[in-house]
Every structure is written in C-alpha cells, then in structure tokens.
Amino acid sequence: MEEQVIYHPDFFVIPEGGEKPYLIAFRCEECGKTWFPILPYCPNCWSEKFDKRELRKGKLYTYTIMYTPQKGIKPPLAFGYIDFPEEGVRVGAQIEVGADVEKIKEQIKIGMEMEVKAGVIREDASGKDVISYKFTPAV
Amino acid sequence: MNYRDVYIIGVGMTKIYKKAPVTADELGRQAIHTAVKDAGISPKEIQSIFIGEMGGLSGSVCFGQRVCGTLGLGGVPMANVESACSSGAIAVHLAYKDVATGKSDVAMGIGVQHLSSSRAAGTGLAPDPRDPEGIQGATMAGIYAMRAQRYLHEFDATPTDLALVSVKNRRHAAMNPYSSYQQPITVEEVLSARTIADPLTMLMCCPNADGGAAVIVATKEKALQLGSKLVRIAASSLTSGIFRNDFRDMTEMEITIRCTKKAYDMAGVGPDDINMVECHDAFAIGEFLYYEAMGFCKHGEAGHFIRSGGPDYGGKVVFSPRGGLLSCGHPTGCTGAAQIVEATWQLRGDAGARQVPDCKAAITHVTGGGVYGLDNAACTMHILTR
C-alpha cells in the first residue's frame with residue numbers, strides 16, 4: 001500500500017469503528033462567533049477560548065467543476081461551498097458524487113444537502129496521497 | 001490635515017505581450033523611459049519611487065532598484081510593493097500619497113510583470129497551498145466560477161450574458177494596439193471554448209501576459225509649469241479584505257463595494273459622472289459584478305445591463321475600453337498601473353480609435369490576491385478627472 005498523509009488532524013475527525021467522519025468548528029466563548037478551521041485567536045475579539053462544534057451535514061451554497069485544477073489533482077474536480085446554518089460556518093472543499101465523472105454536472109444542485117466524508121484529495125509534492133475531508137450528497 | 005491636489009504628468013507603458021521579447025527589468029525600464037519623456041522632466045526630478053510586482057515572480061529581490069538603478073534613478077526613497085494583481089495600482093497610490101502629503105513634489109509608481117518567464121507560466125493562478133481551500137484544489141478561476149454559478153442560480157442571467165462581456169472587450173481590444181489579442185470573437189466561440197471551471201470557458205478567463213507601465217504624479221504647480229493636459233487624481237482608494245467564514249454573499253463584491261464608496265466620497269462624484277471604467281475583469285463574471293458594485297446598475301441587473309449595451313460605447317458608461325484583462329492579457333503586477341495609463345490617455349483625448357467621447361471622469365479598479373476567508377486580499381481604485 002502506498003504511503004498516505006492525513007491532512008488537518010486537528011479539525012477533521014475519522015472515528016474508529018466505522019462512524020461517519022466530521023469536521024470541528026470552533027465557537028468563541030467570548031463573542032459567540034464560530035470559525036473553521038481552528039485559529040489561535042478569535043479574529044473578532046482576540047479571545048483564545050473556544051468551544052468545539054461538530055459539522056456533519058450542510059447545504060450546498062455554490063459549486064464549480066474544474067477542468068484545469070492544480071497540479072497533483074486529476075480533472076474534472078468538483079468543488080463547492082457548504083453552509084452549516086446552525087453553526088454559521090461555510091466550508092469549501094471537494095465534492096465527490098460517485099464513479100461516473102462524466103455525469104458529475106447532473107448530480108450536483110445548489111441547495112442540496114451534503115455530508116462530510118473522508119477521501120484522497122490530491123497527491124502531495126512527493127507523490128503521496130493526501131487524505132482529508134470532502135463532501136458528498138447526504139444519504 | 002490638508003492634502004495637496006495630485007496630477008498625472010507622465011505615463012508610459014509597453015505593449016502587453018503574450019510573451020515579451022525582453023526581460024522583466026527591461027519592460028520596467030521601457031515604461032519608465034516613455035513616462036519620463038511624456039512628462040518632459042529630467043529623471044532626476046523624481047523624488048520617490050514605488051514599484052509593484054507580484055510575489056517576486058521576476059526572481060529578484062529589490063526588483064525596483066534593479067529596474068531603476070541603471071536608469072540613474074537611485075538615491076531617493078524607493079519601495080517594492082506586493083499585493084498580487086493590485087501591486088501596480090498600489091505603487092501609484094503610494095506615489096500619489098507622497099505628493100498629496102507633501103513628502104514629494106514629483107513621484108512615480110510602476111507596475112511590471114513577466115509571467116511567461118516565471119514559475120506561474122502555463123498555469124492557472126491558485127491560492128496558497130497552505131490555505132485550507134488551496135490544498136483542496138481551489139483555483140482563482142474556480143472561485144470566480146462559483147460566484148458565477150451562484151449568480152446564475154439567483155438572478156436573471158445566463159452564460160450567454162457572461163460571453164457578451166468577453167465579446168465586447170475583444171471588440172474594444174481590436175482598436176488597441178497595446179492588446180495581446182485583437183481578433184474579434186463571437187458569443188458562440190466563447191461558449192464553445194473549452195471549460196476551465198464551469199460555467200467559465202477559456203475565453204471568459206484572462207490570459208497570462210507580460211508588460212510594464214509607469215505613472216508619474218506631481219503637484220498642480222509642477223503640472224501647470226510643464227504645460228501638460230491636466231489629469232487629476234480625484235481619488236486614490238485602497239483597502240484590504242476582511243476575514244470571515246460565515247455566509248458571505250458571493251454575488252456581491254464586498255471589498256469593491258467598500259472601496260468604491262470611499263473613492264466616490266473622496267472625489268465627490270457618483271456613477272452618473274463616470275464616462276469609463278477599467279476594472280478587474282480577470283474573469284467575465286468579475287466585470288459583470290462590478291457593474292453592480294460600482295453602482296452602474298442594481299444588484300441582480302448586470303445581465304440586463306450588458307444585454308442592453310449599458311457598459312459599451314453609446315451606453316451609460318464604457319467598461320474596459322482598452323479590451324480589459326480578458327483581451328489585453330493580465331500581467332498581474334503591471335495591470336493596475338496599465339489601467340491608469342489608459343485612463344490618462346482617454347482623459348487627454350489621446351486614445352485614438354477607442355477614444356471614449358468627451359471623457360471627463362474615469363475609474364480604474366483592480367483587486368488582488370486569493371487569500372482564504374477574504375473576498376479579495378486588496379482592492380485599489382482611482383478616479384481620474386480632467
């Protein structure tokens with residue numbers, strides 16, 4: 001098996017035992033604003049105290065399908081912004097819709113519910129697979 | 001504090017090249033040489049110099065000193081400025097500020113970029129891979145495509161309307177010998193070009209380019225003494241992006257809306273007074289959204305505005321008379337200064353076949369930098385009047 005690198009272990013959790021993966025947002029205990037990913041100080045009030053909030057399901061705000069992505073990523077690449085209304089956070093990440101990439105466009109709609117999943121997002125500079133969070137239509 | 005009025009006394013630029021026949025340093029020197037001759041001053045009269053270049057892509061530290069040294073321009077305060085695509089405009093802003101505050105009577109801002117020889121050659125620009133969205137694969141085209149996708153979802157506009165921006169700007173570029181691309185294009189060609197990031201096709205994305213541009217500014221006394229046609233910098237507005245990761249409306253260009261308000265307030269004018277705009281049309285959706293952000297039409301009405309000829313010759317205001325970044329090409333750090341050179345020519349009535357009739361007031365606008373959590377990293381706007 002090829003070596004793999006897990007990116008962002010401090011705000012992306014893959015539970016042992018087969019539970020679905022999730023993201024962690026950080027809610028400022030002073031001013032109540034929520035941030036993702038982790039930040040050393042709240043940009044709003046400079047507090048250093050945060051509560052953790054789990055991000056599991058959100059709604060697709062917008063997306064694109066890139067045919068000329070960055071080096072280390074195979075096209076076509078679907079990418080979108082997912083809104084988490086309760087936490088007040090938007091997260092941008094890759095979208096995975098299934099094996100048939102030719103039909104990728106028909107499977108993505110603004111407003112659809114999406115959930116977090118884990119997967120290979122790219123090769124790093126040394127050719128290793130990078131594992132991180134992605135979004136996929138919620139089931 | 002009382003600020004002094006600031007006037008543009010000399011401008012110069014190179015052709016915008018797909019691939020320049022000379023080095024980055026030489027592009028800068030050619031632009032400066034033309035600007036100094038245009039001003040009719042001795043180069044030694046320039047009291048402070050700012051040079052914009054994106055991200056050290058020229059491969060040089062202290063790029064300004066490298067460009068200016070052999071022109072005999074050393075010995076004065078000189079600073080190198082980097083804010084991605086806004087670099088050249090910020091260089092002019094700083095020259096403006098020196099004259100406005102009395103630090104210099106004559107100052108120069110320069111923008112230079114040689115992308116074809118840089119590590120960015122042949123690639124689409126992308127946010128830093130340390131950004132959470134950068135590592136996920138976002139590109140600048142991708143981010144603008146997502147703005148477009150949301151806009152088309154919310155409002156009365158289609159990919160054909162976006163294509164109209166590219167077609168219009170290419171039609172303007174046909175009258176601009178400084179442009180990289182001059183061959184006319186049709187809506188069908190724009191729509192059937194290969195998709196870069198859905199819904200943006202290749203002809204809705206600006207090409208990388210090489211170029212240099214220089215702007216010399218001075219006090220009114222100096223401008224009058226030189227007898228040049230008076231072009232005043234009525235506003236020079238610079239702002240930076242605000243970090244947030246909540247529900248930003250991506251169909252509104254927040255940083256440009258803020259920067260526009262500052263610029264209009266400073267100049268004491270509004271959209272009805274403006275005859276032409278050079279905006280940051282790196283992607284067709286950009287120019288589209290800037291019609292709204294600068295107040296030329298209401299939010300959600302950009303599609304109708306372009307369809308009815310609003311941003312064209314004979315319409316409400318001429319957007320991108322030189323052909324914009326979409327046709328001229330985008331030598332990132334140079335573009336902001338090049339836009340000011342174009343606006344100066346237009347206000348002097350020296351723009352040839354592409355002259356905007358009776359041009360009295362012009363806006364130049366360039367944002368810069370894809371940084372995680374920011375609308376854009378920088379936004380620089382100038383309002384020039386005659």
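Analyst: Domain bounds come from an automatic or database domain assignment. In this predicted model, chain B is divided into domain 1 (6–119 + 209–233) and domain 2 (132–205 + 235–385).

User: How many residues of domain 1 of chain B are in contact with domain 2 of chain B?

Analyst: The contact involves 43 residues of domain 1 of chain B and 40 residues of domain 2 of chain B. Between the C-alpha centres of these two domains of chain B there is a separation of 23 Å.

User: How is the packing of two helices read?

Analyst: Two packed helices are described by the angle between their axes and the distance between the axes. Here, helix α6 (residues 159–173) of chain B and helix α10 (residues 284–293) of chain B have axes that come within 8 Å and cross at roughly 100°. Angles of 65 to 115 degrees count as roughly perpendicular, and α6(B) and α10(B) are therefore roughly perpendicular to each other. On the α6(B) side, the contact is made by D161(B), L162(B), V165(B), S166(B), K168(B) and N169(B); α10(B) contributes A284(B), I285(B), E287(B), F288(B) and Y291(B).

User: Which classes of residue make up the contact of α6(B) with α10(B)?

Analyst: The contact of α6(B) with α10(B) has 6 nonpolar, 2 polar and 3 charged residues.

User: How does one find empty space within a model?

Analyst: Rolling a probe the size of a water molecule over the atoms shows where empty space is left. A cavity is a set of points where a 1.4 Å probe fits but cannot get out. By this rule, there are 2 cavities of 30 Å³ or more.

User: What is the volume of the largest cavity, and which residues lie nearest its centre?

Analyst: The largest cavity has a volume of about 320 Å³. Its lining has 23 residues, and those nearest the centre are Y81(A), E133(B), R248(B), G373(B) and L374(B). Two elements give two or more residues to this lining, β8 (89–95) of chain A and α5 (140–154) of chain B. The most comes from α5(B), with 4 residues. By class, the lining of the largest cavity has 10 nonpolar, 6 polar and 7 charged residues.

User: Which residues line the second largest cavity?

Analyst: The second largest cavity holds about 30 Å³ of space. Its lining consists of F36(A), R90(A), V91(A), G92(A), Y133(A), P132(B), E133(B) and Y372(B). The most is given by β8(A), with 3 residues. This lining divides into 5 nonpolar, 1 polar and 2 charged residues.

User: What is the volume of the second largest pocket?

Analyst: A pocket, unlike a cavity, is an open set of points. The volume of the second largest pocket is about 370 Å³. It is lined by 21 residues, of which K74(A), L77(A), Q94(A), V120(A) and K134(A) are the closest to its centre. β9(A) gives the most to the lining of this pocket, with 4 residues. By class, the lining of the second largest pocket has 12 nonpolar, 3 polar and 6 charged residues.

User: Which residues are joined by a cis peptide bond?

Analyst: One such bond joins F36(A) and P37(A), with omega about -5°. P37(A) is in the loop between β4 (34–35) and β5 (50–55) of chain A. Another cis peptide bond joins D198(B) and P199(B), with omega about 10°. P199(B) is in the loop between β5 (195–197) and β6 (200–201) of chain B.

User: What is the phi of A84(B)?

Analyst: A84(B) has a positive phi of about 50° although it is not a glycine. A84(B) is in the loop between β3 (78–81) and α3 (87–100) of chain B.

Definitions and conventions: Residues are numbered from 1 along each chain as its sequence is written. Chains are lettered from A and ligands numbered from 1 in the order in which they are written. This is a predicted model: local features need pLDDT of at least 70, side-chain atom pairs count only at pLDDT 80 or more; totals for chains, interfaces and linings use all residues. Side-chain values use heavy atoms; hydrogens and water are left out. Axes are lines fitted to C-alpha atoms, for helices over the stretch in contact, and angles run from 0 to 180 degrees between N-to-C directions. Angles under 35 degrees count as roughly parallel, over 145 as roughly antiparallel, 65 to 115 as roughly perpendicular and the rest as oblique. Contact means heavy atoms within 4.5 Å. Ala, Val, Leu, Ile, Met, Phe, Trp, Tyr, Cys and Pro count as nonpolar, Asp, Glu, Lys and Arg as charged, and the others, Gly among them, as polar. On a 1 Å grid over the protein atoms alone, a cavity is a set of points where a 1.4 Å probe fits but cannot get out, and a pocket is an open set with protein on both sides within 12 Å along at least five of seven lines; lining residues have an atom within 4 Å of a point. Grid points are joined across faces, edges and corners, and a volume is the space filled by probe spheres set on the points.
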